[in-house]
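User: I am new to this structure and would like to learn how to read it. Please take me through some of the features one by one.

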Amino acid sequence: MSIDEAVSGGRTQPATPIMADSRGPSSGPRPFNLSRWFALVGLLSIAGISALAGYLLSIFVTDRMVRQEGELTMEMVQNLVLVEKPFLNMFAESEPARREDAAEAIEHIASIPGVLRANVYDRGRRILWSSDQELIGQLFGVNDELDDALRGELVAHGQRHDDEAHDKAEHKDLAQPANFFVEIYLPVRDRQTGAVVGAIEVYKNPVALFNALQHLYRYIAVGAALSGMFLYAALFWLVRRADLLIREQQRRLLDAETLAVIGEMSSAVAHGIRNPLASIRSSAELMLLTEDNTTAEAAADIIAESDRLEAWVRELLSYSRPLNEKLTAIELQPLVRRCIDEFARELQRRSIDVELRLPDTLPAVRGDPLLFGQVLHSVVANAIEAVGNGGRLEVACDVERGGRQVLLLVRDNGPGMAPELLQRAGKPFFTTKPRGLGVGLALARRIVERFGGALAIESSPGDGTAVKVIMAAA
């Protein structure tokens, strides 16, 4: 079983990096949760932008494809004008008889596949010929598209039959074999002078174009959705990482403030307590020389309590003392084995079984041997106190991230911790020990982080506790 499996097995809580105490409620502003706000605002913004981009792209594609359809139709009509010479006779105002000769040539336009209706206009916007005989001779109202065509421009746009935006009179009784149709206005030019002599209006129902547009709309919708999801995921990852970095720096700043207070307090404690303690202990040692048993017992208690206070003072001074930042390569195997050997008598007295798993080849880590030995001592001591008599410890090392990091795991089968205690574990002055000061594990975390590593705790009630120390390989 791998280290990660050992740590995550059972019902253990997710790994929780040790963090400093958050400040109590105050009258200041509420903390700003960057990740949560970006999750909401970013999702709505990116979803809106993706939908708008997809909509605009759909309009652009539709316009381009409809215009291409109009250009193809215009080329077909122009070729028809070149081939069918009587075609231009339709626009000869002084010779109505010649228009009848051109009618047969114009009927070829109505026979183009997909054409619903074709109208031929003169420059006065009157219909000279139409595939719908009822429209011949009529003069409709304002038509900007027809005016553009009479100025020599090609006009083509798609429209739906159920679109209430159009109310042109020439749309009356238009066949509806499909909901989508293309309206095209083509200028007709004289072969010799190139002047615009009229215009042709064509209503087409391009089924192939309609089907192609439907497929494109789906592709655009899917593409916009996938692009938006990818952009959201990428930005959320960056924002989440920045949020965690900001919180980590805030925690470090709070630790620095706490450390400054502890430093001042430690100096006062060292000067104000250590000298009286030395005098008290010396007096108690003299009392031990008396023959009075009661006095001797009291003196022994005084010495024990003085030693405990002296240990507290040493812990405070160790926590506040600046750390040596000169890093060297440390071999973990001998340090771990030496630490276990130092606790051998205590482990044997409490009948605690230790499973030690150290690979034969383990990269060295960056740090200070003495300080890292202090970290090991603190973590193992806490584990021994947690399991009690007849417990079991697991100490293992492994390589992570392709040899760039080394993981040290210390796991016990003790009672574990509730989630509320797990959140506070490792913070300065928090301890569950009756005679503990609460700076040992906090100092261990500070040392590990100064070496560029991390210390995390996993625990749940009844499942024991696992401490993971991650160090950068040298």
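User: Is strand β12 (residues 454-459) mostly covered or mostly uncovered, and how many of its six residues are buried?

Analyst: A residue is called buried under 20% relative accessible area, exposed over 50%, and partly exposed in between, using a 1.4 Å probe and protein chains only. Helices (H or I, at least four residues) and strands (E, at least two) are DSSP runs, numbered from the N terminus. Here β12 is mostly covered, with five of its six residues buried. Before going on, note that this is a predicted model, in which local features need pLDDT of at least 70 and side-chain atom pairs count only at pLDDT 80 or more, while totals for chains, interfaces and linings use all residues. Residues are numbered from 1 along each chain as its sequence is written, and side-chain values use heavy atoms, with hydrogens and water left out.

User: Which strand does β12 pair with, and in what sense?

Analyst: Two strands pair if DSSP finds at least two bridges between them. In this model β12 pairs with strand β13 (residues 465-472) in the antiparallel sense, over six bridges. One of the residues involved is glutamate 458, whose bridge partner in β13 is alanine 466.

User: How many residues does the largest nonpolar core have?

Analyst: A nonpolar core is a set of buried Ala, Val, Leu, Ile, Met, Phe, Trp, Tyr and Cys residues joined through side-chain atoms within 4.5 Å. The largest one has 42 residues, and Phe372, Leu408, Ile457 and Val469 have the most contacts inside it. Elements giving two or more residues to this core include α7 (332-342), β10 (392-400), β12 and β13. The helix α9 (369-387) is also on that list, and α9 gives the most, with ten residues. Apart from this core lies another, of 23 residues, among them Val77, Leu80, Ala156 and Leu186.

User: Which residues does valine 469 touch?

Analyst: Contact means heavy atoms within 4.5 Å. Leaving out residues up to four places away in sequence, valine 469 touches Phe372, Val406, Leu407, Leu408, Val448, Ala454 and Leu455.

User: What about charged side chains: how many salt bridges does the count come to?

Analyst: Side chains of opposite charge can pair when their charged atoms come close. A salt bridge is a side-chain nitrogen of Lys or Arg within 4 Å of a carboxyl oxygen of Asp or Glu. The count comes to eleven salt bridges. In one of them, aspartate 132 meets arginine 117 at 3.6 Å, N to O. This pair links distant parts of the chain, 15 residues apart: aspartate 132 is in the loop between β3 (127-130) and α4 (144-150), and arginine 117 is in strand β2 (residues 115-122). Arginine 117 is buried, at 3% relative accessible area. A network of salt bridges links Glu355, Arg357, Arg392 and Glu394.

User: Where do arginine 247 and aspartate 243 lie?

Analyst: Both are in helix α5 (residues 207-287), four residues apart, about one turn of the helix. Aspartate 243 counts as buried at 3% relative accessibility, whereas arginine 247 is partly exposed at 34%.

User: How many helices and strands are there in the protein chain?

Analyst: The protein chain has eleven helices and 13 strands. Of its 474 residues, 41% count as buried.
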